[in-house]
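Dear colleague,

Please find below the sequence and the structure for your review.

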Amino acid sequence: MPRSGTSYKLLYFALVPAIVAAVFLLGGIALRTTLQIEKARQQSVISATLAVASERVDRLDKLVIEQDNVVLAHADLASLKAIGDRWLPTAARETPTVRAILVLDMDNPEHEVAAFASRSPGREDDIFRRVLVGRLFSQMNLTGTTDELRHLHHVLDGQSYLVSYWQRSHLGRRYMIVAWHDVRRIVHDVLPRIYRDIDPGSRMNVIDEEGRIVFGPPIKGGEFTVGRPFPTTLYNWQLQVALTTAEELNQKVENQRFIELAMVTLAGAVALAGLAIVLAGSMKERRLAQLKSDFVANVSHELKTPLALIRMFGEMLLLEKAPTPEKRRQYLQIIMSESERLTALIENVLDFAKVERGKSAYSFEPGDVGEAVARAVEIFAHRAERESMNVSLSISPHLPSAMIDARALELATINLIDNAFKYAKDGGKVEVEVVGKSSQVLIRVRDFGPGIDPDDRERIFERFVRGKNAGEKQVRGSGIGLALVKHIAESHGGEISVHTPDDGKGSLFILALPASTAEPQLRGPVQPAVASGTPQ
Ligand code: ADP
């Protein structure tokens, strides 16, 4: 069959690698998509966290600038001495973080302090004035648009200073208005207040220029922690935000990735398993097709041989070519036994065909297993004589009855004995026994032939399967006998098995049937052998 051979080759060499490649390709695409989605998710988490951080740093800047505007409103250069009087009464409420307001004379080479108002005058004010004029002033940005609000955030001798300043002119002189913000107060009062409402799911802190935490809890370094410096005020410091929800999201992404990877692997495995099943199925189908075609050839051959013999001996009788009455009888006997064999074969094939079509309907009724087996043994009487075989039958006297289809059981026994004749002729005898054992009736057919190859033992009950010995010895057969016996046994609720007898010679087939009553059926003494050949 070159055509089916070609299609199988195509299946193996083109389709199989194509399917495997497709599975891996699909898996790869799925994995890449997952990774891309994950990356996009991470990016969106980062930008969401950044937005949160920006909003929070702006809160402090806004608060400081609002106070700066109040300060500017009070710093009237026309009445420098009255700045304190105007500002101080409302200072605690309107400008809580401003500790002092100073006005520097910019035209003076020493930048002398022209006005000063402090909420808690003391030694620290004097120190600050000196620090401002002597050291902070040089850090201030005096370039560009001169009258805009600017901030200086600077650390001196371990202390953080925040000042807001504006340049202003009045009556031809230049001044600098300075608001001195109390950084400690910002940390202790303002930050806890403005970040009080922060949702408990997020964690944040503020770190100084050296990375030390000045406010808030420590944050474990994580993928979704972002740092944002305060834009204009405490610009040397940073606000750090880590969203716990982001961590959860991260965990979710991890889990998702794991699940998707597992699914891709599983899908691949299922596809490959499916492929393996399809291939195994197609191979089985192929083997079955081969077995079927062998079966047809074998059956035709089996039919042809007895027919040829019947025809030949029939013709000889017709043409009166039998020299003696003895020969005549012999020819007639051959015709008889060959037609019996034909009948048995045709019955086998017909029953098997019924089984295959699922139509084998047996009619069960309480019956005597021993009788059915005895009838089967009887059929072999002539053949045993002719082939010098000895068939013995023994039926136990205490046999329980069983629900049986007697004809089917007879056919099963015929098949077993026929096989013993075909494959174990060398053994010279067949022992058939019917015994009751616990709640079963056993039909035991034992021969003394070469036995069955262990490799074949498993498969001989499958349809169309023939053992090695069948081919080696060129024994006629179609491979359906034991399959039919198995079907008959199972239809009766029983089973068929093959064993090697204790003495290691030949084979022992046991067909076990369930007994219908526990009461043993009493019968006559053990039956003698019903058929025996004459030893030569
Ligand atoms: P067939 O006899 O037509 O080949 P069966 O289904 O009756 O088909 O038997 C299947 C195979 O089992 C036989 O081909 C043979 O190899 C093996 N077999 C059956 N009975 C015996 C036996 N008594 N001794 C040795 N081999 C046997």
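In this predicted model, the ligand is surrounded by 20 residues. The closest of these are Y423, R466, N469, S478 and L482. Sorted by class, the shell comprises 8 nonpolar, 9 polar and 3 charged residues.

One involves a side chain: an oxygen atom of the ligand lies 3.1 Å from an N or O atom in the side chain of K422. A polar backbone atom of G467 is 3.0 Å from a ligand oxygen, and for a polar backbone atom of G479 the distance to an oxygen atom of the ligand is 2.8 Å. Of the 530 Å² of accessible area that the ligand has on its own, the protein covers 98%.

As to location, the ligand sits in the largest pocket. Three helices each contribute at least two residues to the shell around the ligand: helix 9 (406-423), helix 11 (468-472) and helix 12 (481-491). Helix 9 provides the largest share, with 3 residues.

Turning to the chain as a whole, the protein is divided into domain 1, which spans 10-244, and domain 2, which spans 362-531. The C-alpha centres of domain 1 and domain 2 are 101 Å apart.

Yours sincerely

Key: Residues are numbered from 1 along each chain as its sequence is written. This is a predicted model: local features need pLDDT of at least 70, side-chain atom pairs count only at pLDDT 80 or more; totals for chains, interfaces and linings use all residues. Side-chain values use heavy atoms; hydrogens and water are left out. A residue is near a molecule or strand if one of its heavy atoms lies within 4 Å of it. A polar contact is a pair of N or O atoms within 3.5 Å; within protein, one must be able to donate a hydrogen and the other to accept it, and residues adjacent in sequence count only if both atoms are side-chain atoms. Accessible areas come from the Shrake-Rupley method with a 1.4 Å probe; for residues, only the protein chains shown count as cover. On a 1 Å grid over the protein atoms alone, a cavity is a set of points where a 1.4 Å probe fits but cannot get out, and a pocket is an open set with protein on both sides within 12 Å along at least five of seven lines; lining residues have an atom within 4 Å of a point. A molecule sits in a cavity or pocket if more than half of its atoms lie within 2 Å of its grid points. Helices (H or I, at least four residues) and strands (E, at least two) are DSSP runs, numbered from the N terminus. Ala, Val, Leu, Ile, Met, Phe, Trp, Tyr, Cys and Pro count as nonpolar, Asp, Glu, Lys and Arg as charged, and the others, Gly among them, as polar. Domain bounds come from an automatic or database domain assignment.
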